[in-house]
Amino acid sequence: MKTLEVKYSTNKTNIYLENNLLENISSLIPRGKKYIILTDENIYKLYSRALNVPNSTWVVLPAGEKEKNLDNVSKIIEKMLSSEISKTDILINFGGGVISDLGGFVASTYKRGINYYNIPTTLISQVDATLGGKTGVDFKVYKNQIGSIHHPEKIFVDPILLNTLPKNEYLSGIGEVIKYGLCFDEDLFNSLFSNFSIDELIYKCLKIKAEITEKDEFDNGIRLALNFGHTIGHAIEAVSNYTIPHGICVIYGMLYEIEAEDIKDKLIRLMQKFEIENQISYDKDELKAFIIQDKKIRNGVIKLPKLEKIGKVKITEVKINDYLMRL
Ligand SMILES: NC(=O)c1ccc[n+]([C@@H]2O[C@H](COP(=O)([O-])OP(=O)(O)OC[C@H]3O[C@@H](n4cnc5c(N)ncnc54)[C@H](O)[C@@H]3O)[C@@H](O)[C@H]2O)c1
């Protein structure tokens, strides 16, 4: 089994990665606690029998980004109260990024904060969303407007779970893997052109994210680099009414933000390899309306990652009006 220990200011996160880990998770978690397991209907149908956590209660929500909302925060908290979940009990998020963002947010506020574990089930969550403690919900049509930083205590990554992932969701995860390669690791980026081992890729991405979030837990410096492609990506995602998966929107965002033509061409070749469309149409005014709500804008200036070359990114400050003009 591969493991990683990631140290933060207030606590640490232990990561366990192994094929077929799901069936052995109960041997890696403490006894004598109550567990609340948050999941969505798809995961529940596919995997609830394989996850045996003693003393647990399930909360099962419909699947999808639209569920990442305050109403569900209330629903989960109601269930936790009626199940007498105490301050020392544990919330387990079993699902993709929607579930870990939502459940992590609940864990950060329930009784002023309880511990939680993640069992990520999508590629996007296994390489990215599960680690780093960013939790939150969307508000009306705006993404991630309410949230906190609260780190999971344990993360259990089982790459075998990806076998049932719909192709589009897998490609969405590949979008985030491409981001890690482009910004931090040229070898990782190049390996995507050949036959790669998904377990290795996941581990490499988690290691990169671990290093970055340890250095910059609260998003004031290098962690902003993880937002590469996300400013416009989030806007495309919202304008598409969440019909285009997150990571694919991030690829379009990166394509827009890369300045060097040779790197753009490489990215387009990679998109062709994975059969991802490189043309989409969107309404520019609608995109702009979303972008100006971006949390990273301070006094009319946005801090944006700029790709210097493959594997190297730096944070720059751009006037939001200049950025919007280029759209
Ligand atoms: N907190 C962070 O750092 C961070 C980082 C990246 C993305 N995110 C957030 O993550 C969310 C996107 O997460 P996602 O892409 O994982 O989407 P998701 O959680 O909505 O899952 C996508 C779909 O795949 C299904 N699914 C999940 N695992 C499956 C499996 N193993 N087999 C079959 N079906 C499966 C789900 O039921 C759902 O229908 C967005 O809200 C985004 O903002 C957060």
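## Ring pairs

Rings of Phe, Tyr and Trp (its six-membered ring) form a pair if their centres lie within 6.5 Å; a pair is stacked when the planes are under 30 degrees apart, edge-to-face when they are over 60, and tilted for the rest. Ring pairs link Tyr16, Tyr35, Tyr117 and Phe156 into a cluster. By this rule, there are nine aromatic pairs. One of the pairs joins Tyr180 and Phe184, tilted at 40 degrees between the planes and 6.2 Å from centre to centre.

## About the model

This is a predicted model, where local features need pLDDT of at least 70, side-chain atom pairs count only at pLDDT 80 or more, and totals for chains, interfaces and linings use all residues. Residues are numbered from 1 along each chain as its sequence is written, and side-chain values use heavy atoms, with hydrogens and water left out.

Where do Tyr180 and Phe184 lie? Both are in helix 5 (residues 167-184), four residues apart, which is about one turn of the helix. Helices here are DSSP runs of H or I with at least four residues, strands are runs of E with at least two, and both are numbered from the N terminus. Tyr180 is buried at a relative accessible area of 0%, while Phe184 is partly exposed at 23%. For these words, buried means under 20% relative accessible area, exposed means over 50%, and partly exposed is in between (1.4 Å probe, protein chains only).

Now meet Phe196 and Phe274: their ring centres are 6.3 Å apart and their planes are at 50 degrees, so this pair is tilted. The pair links distant parts of the chain, 78 residues apart. Phe196 is in the loop between helix 6 (186-191) and helix 7 (198-215), and Phe274 is in the loop between helix 10 (261-273) and helix 11 (284-291). Phe196 is partly exposed at 23%, whereas Phe274 is buried at 10%.

## Charges over rings

A charge sits over a ring if NZ of Lys or CZ of Arg is within 6 Å of the ring centre and within 35 degrees of the ring normal. The charged end of Lys179 does this with Tyr180, 4.9 Å from the ring centre. For Lys2 over the ring of Tyr203, the distance to the centre is 5.6 Å.

Three strands make an open sheet in the order 10-11-12, with antiparallel pairing.

Two strands pair if DSSP finds at least two bridges between them. Strand 10 and strand 11 (residues 301-309) pair in the antiparallel sense over two bridges. The bridge partner of Arg298 in strand 11 is Val301.
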